[in-house]
Amino acid sequence: MTALEPSTTPGSSAPGGLVKSVVELDRVVIRLAGDSGDGMQLTGNRFTSETASFGNDLSTLPNFPAEIRAPTGTLPGVSSFQLHFADHDIMTPGDAPDVLVAMNPAALKANLADLPGGGLVIVDSDEFTPRNLAKVGYATSPLEDGSLDGWQVVSVALTSMTLEALKDTGLGKKEAERSKNMFTLGLLSWMYHRPTEGTVRFLERQFRRKPEIAAANIAAFRAGYNYGETTEAFAVSYEIKPAPMAPGRYRNISGNQALALGLVAAGQRSGLPVFLGAYPITPASDILHELSRHKSFGVRTFQAEDEIAGIGSAIGASFGGALGVTTTSGPGVSLKSEALGLAVMTELPLVVVDVQRGGPSTGLPTKTEQSDLLQAMFGRNGEAPLPVIAPRSPGDCFDAALEAARIALKYRTPVMLLSDGYLANGAEPWSVPSVEDLPDLTVDFATEPNGAAADGTPEFLPYLRDPETLARPWAVPGTAGMQHRIGGLEKADRTGNISYDPANHDLMTRLRQAKVDGIAADIPPTDVDDPDGDARVAVIGWGSTYGPIGAACRRIRRSGRSVAQIHLRHVNPMPADLGEVLSRYDRVVCPEMNLGQLSLLLRAKYLVDVQSHTQVRGLPFRAAELAAVVQDVIDSTAPTAATGGTK
């Protein structure tokens with residue numbers, strides 16, 4: 001059954017003798033929308049956690065304003081949280097909601113256009129006052145003027161019922177009203193048969209120092225659940241069965257959490273302390289918050305005074321023998337660019353995490369974009385190459401962080417890890433790996449001289465390279481006999497002395513480039529998803545476009561057409577066989593949340609006529625939109641009699 005083709009089973013008798021049916025669905029997309037102060041992100045996160053514990057596959061899309069506190073009840077202040085959960089594998093938070101919960105007129109107006117006709121709208125009728133309606137330009141109440149006749153509308157007095165439920169708690173009216181998000185969560189928990197014990201425990205833990213607030217929120221939550229059971233406004237509830245998953249231990253995880261845990265794992269598998277030097281910036285700050293909780297694993301976090309100090313401290317930590325990490329977003333990368341060049345010159349391991357957001361300048365701080373790829377590739381003075389890695393999903397941020405650390409440590413190079421706001425704040429079920437299955441990142445430090453001076457005396461040559469990786473030795477300061485120069489001036493080959501010799505500069509520039517290029521031999525070949533093996537069109541992407549592209553390809557295949565999907569984790573260097581893979585297809589389409597940056601690189605490197613499809617709306621692609629674009633390309637690439645129907 002699909003969300004549009006439910007099956008109905010007999011329900012149980014609720015208190016008062018009201019019999020309610022249970023409708024079985026295979027998936028549903030819910031969007032919670034309200035004012036920034038209505039707690040939509042907390043409500044969504046709690047509903048997500050209970051959905052994950054129930055065993056559904058899920059994907060989320062938090063969407064909130066950049067303003068710390070926009071005027072109450074206005075369109076700029078609307079915050080939303082979208083959750084797609086199902087009894088089968090899903091790849092995106094959903095193109096459009098099936099259910100919209102609107103806590104005020106602004107939330108309704110900002111989101112109604114995304115709700116397909118016939119969808120369910122639940123509104124807090126108490127908030128549809130003349131004043132609130134006027135704030136968003138409603139001349140009359142949409143609950144009364146017939147403008148919502150195309151949707152299923154259920155008006156619920158969420159605010160007044162919350163106040164009634166908490167009238168004996170001793171809380172003031174304003175404090176009690178803040179619990180209406182928990183009343184809403186209780187109602188949704190009843191509607192979709194979500195567990196409740198975890199939320200109760202969460203509230204007790206969250207407000208353990210304010211037991212009266214904890215009790216009020218729990219009371220509101222239970223009141224909302226009981227309202228769903230007893231009201232005639234909802235004649236049915238919905239059931240989405242758990243999704244089949246491979247055996248293992250799972251947890252609900254966001255991209256920033258997964259990335260932070262990947263860095264912790266990298267420290268454990270390398271035996272090195274992890275040092276994070278970071279300046280808080282949206283949407284990367286949660287990595288700093290998460291890593292600060294893991295001091296017991298040898299993690300040290302330093303909240304620097306600015307972006308330059310953040311990366312400077314991380315480079316210093318790497319010089320001292322730690323795994324240096326710095327986290328930021330696009331504006332911070334701009335400020336770190338000179339220090340990135342220093343890290344390239346000193347050839348020290350460093351992981352630079354860029355959680356991309358809409359730009360340029362401060363741009364769209366809370367919205368997602370993929371527009372920092374060319375900055376990661378070329379945004380430094382001189383020839384300063386570095387590897388670039390991009391995770392494809394929230395859970396994949398863990399593996400991408402491990403891979404970034406592996407390359408940084410093995411090749412003695414800074415590595416740029418390009419996440420984005422969609423991955424950072426989104427969540428999905430994540431299979432917790434066994435430590436034994438993680439790669440061994442053990443590092444051998446230089447402890448003995450590796451060369452000889454002209455008179456035969458043993459000496460340490462800090463730029464004598466490993467013949468396989470071209471990595472230079474890593475010597476921890478204070479190790480006897482391992483003294484060497486460090487800094488941003490050009491180094492002489494082998495000795496590391498300051499050198500202005502033209503031939504040496506040419507040699508060192510080419511060696512640094514060759515080191516990065518050589519990483520291509522150490523990464524897996526291109527993974528091509530072409531089930532039938534007869535596709536004439538390939539869709540290639542990188543980063544968070546993986547989910548929408550994958551969902552679009554599934555739609556196309558269900559219609560009986562063939563299409564291949566290629567997704568890059570290693571953007572620099574690219575897989576060694578990528579050029580040959582791309583040449584197999586008549587057409588290559590590249591969707592990106594920028595103006596065609598990967599397309600530019602592919603065209604330049606492989607001379608492939610890549611068809612770029614772009615958007616920069618601050619939101620992820622919709623699968624239906626991509627499917628339509630790719631379908632048009634497939635139709636225009638149909639075999640003809642002249643080709644004999646072959647590729």
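The legends below accompany close-up views of a predicted model.

**View 1. Helix H19 and the residue that follows this helix.** Helix H19 spans residues 597-606, and its buried residues are Gln597, Leu598, Ser599, Leu601, Leu602 and Tyr606. In an α-helix there are 3.6 residues a turn, so residues three or four places apart point the same way. Leucine 607 comes after H19, and the phi angle of this leucine is positive, with a value near 55 degrees.

**View 2. A nonpolar surface patch that includes tyrosine 500.** Tyrosine 500 belongs to the loop that runs between strand E19 (458-459) and helix H16 (502-518). The relative accessibility of tyrosine 500 is 68%, and this residue therefore counts as exposed, the cut-off for that class being over 50%.

**View 3. Cysteine 553 and cysteine 590, in a structure with 0 disulfides.** A disulfide is a covalent bond between the sulfur atoms of two cysteines. When the whole structure is searched, 0 disulfides are found. Cysteine 553 takes part in no disulfide, and the cysteine sulfur nearest to its own, that of cysteine 590, lies 12 Å away. For cysteine 590, in turn, the closest cysteine sulfur is that of cysteine 553, and the 12 Å between them is too far for a bond, because a disulfide requires the two sulfur atoms to be within 2.5 Å. Cysteine 553 is buried, with a relative accessible area of 1%, and cysteine 590 likewise counts as buried, at 0% relative accessibility.

**View 4. A positive surface patch of arginines.** Arginine 209 is placed in the loop between helix H7, which covers residues 197-206, and helix H8, which covers residues 211-230. With a relative accessible area of 75%, arginine 209 is exposed.

**View 5. Isoleucine 634 in helix H20, shown with alanine 538.** Isoleucine 634 is located in helix H20, which comprises residues 623-636. Its relative accessibility is 7%, and isoleucine 634 therefore counts as buried, since that class takes in residues under 20%. Although isoleucine 634 and alanine 538 are 96 residues apart in the sequence, their C-alpha atoms are 9.4 Å apart in space.

Notes: Residues are numbered from 1 along each chain as its sequence is written. This is a predicted model: local features need pLDDT of at least 70, side-chain atom pairs count only at pLDDT 80 or more; totals for chains, interfaces and linings use all residues. Side-chain values use heavy atoms; hydrogens and water are left out. Buried means under 20% relative accessible area, exposed over 50%, partly exposed in between (1.4 Å probe, protein chains only). Helices (H or I, at least four residues) and strands (E, at least two) are DSSP runs, numbered from the N terminus. Patches are made of residues with over 30% relative accessible area and no salt bridge: like charges are joined within 9 Å, nonpolar side chains (Val, Leu, Ile, Met, Phe, Trp, Tyr) within 5 Å. Accessible areas come from the Shrake-Rupley method with a 1.4 Å probe; for residues, only the protein chains shown count as cover. A salt bridge is a side-chain nitrogen of Lys or Arg within 4 Å of a carboxyl oxygen of Asp or Glu. Lys and Arg count as positive and Asp and Glu as negative; His and the chain ends are not counted. The place of a charge is taken as NZ of Lys, CZ of Arg, CG of Asp or CD of Glu.
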